[in-house]
Amino acid sequence: MDYSKQITNRLNRVDGQLQGVIRMIEGARECNDVVTQLSAIKGALDRTIGLIVSENLEQCVRTSMAEGNASDEHVKQAVNLLMKSR
């Protein structure tokens, strides 16, 4: 699968956020601040997973249609990926 630049950008942003949380922990920041940042990271990862699954589904459907063998199997696989991520 080809991944978009948007996905890479999102993951780089999450990486930066995670490095920030590590610095917060090393600096003995308040629990509330750390948990708030971790929740933001979790949300960003969830949205990134959704984007990857939707792009995968779109690519699979386009490929299937181009090859003339569009099937429900590709859709089922994408839905399974989405369910696994939850």
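How much accessible surface does the protein have, and what share of that surface belongs to carbon and sulfur atoms? The accessible surface comes to about 6,300 Å², and 55% of it belongs to carbon and sulfur atoms; accessible areas come from the Shrake-Rupley method with a 1.4 Å probe, and for residues only the protein chains shown count as cover.

The model is predicted: local features need pLDDT of at least 70 and side-chain atom pairs count only at pLDDT 80 or more, while totals for chains, interfaces and linings use all residues. Residues are numbered from 1 along each chain as its sequence is written, and side-chain values use heavy atoms, with hydrogens and water left out.

View 1. The protein has 3 helices and 0 strands, in the order α-α-α from the N terminus. Helices (H or I, at least four residues) and strands (E, at least two) are DSSP runs, numbered from the N terminus. Of the 86 residues, 20% count as buried; buried means under 20% relative accessible area, exposed over 50%, and partly exposed in between (1.4 Å probe, protein chains only).

**View 2. The largest nonpolar core.** This core has 6 residues: Val14, Val21, Met24, Val34, Ile41 and Ala44. Helix H1 (5–26) and helix H2 (31–67) each give two or more residues to this core. A nonpolar core is a set of buried Ala, Val, Leu, Ile, Met, Phe, Trp, Tyr and Cys residues joined through side-chain atoms within 4.5 Å. Leaving aside residues up to four places away in sequence, Val14 touches Ile41, Ala44 and Leu45; a contact means heavy atoms within 4.5 Å.

**View 3. Threonine 48 in helix H2.** Threonine 48 belongs to helix H2. Is this residue buried or exposed? Threonine 48 is buried, because its relative accessible area is 2%. A polar atom of its side chain lies 2.8 Å from the backbone oxygen of alanine 44. Threonine 48 also touches Ile7, Arg10 and Leu11, not counting residues up to four places away in sequence.

**View 4. Arginine 47 in helix H2.** Arginine 47 also lies in helix H2. Its relative accessibility is 52%, so arginine 47 counts as exposed.

**View 5. Leucine 38 in helix H2.** Helix H2 contains leucine 38. Leucine 38 counts as partly exposed because its relative accessible area is 39%.

Methods: Polar contact = N/O pair within 3.5 Å; in protein donor to acceptor, adjacent residues only side chain to side chain.
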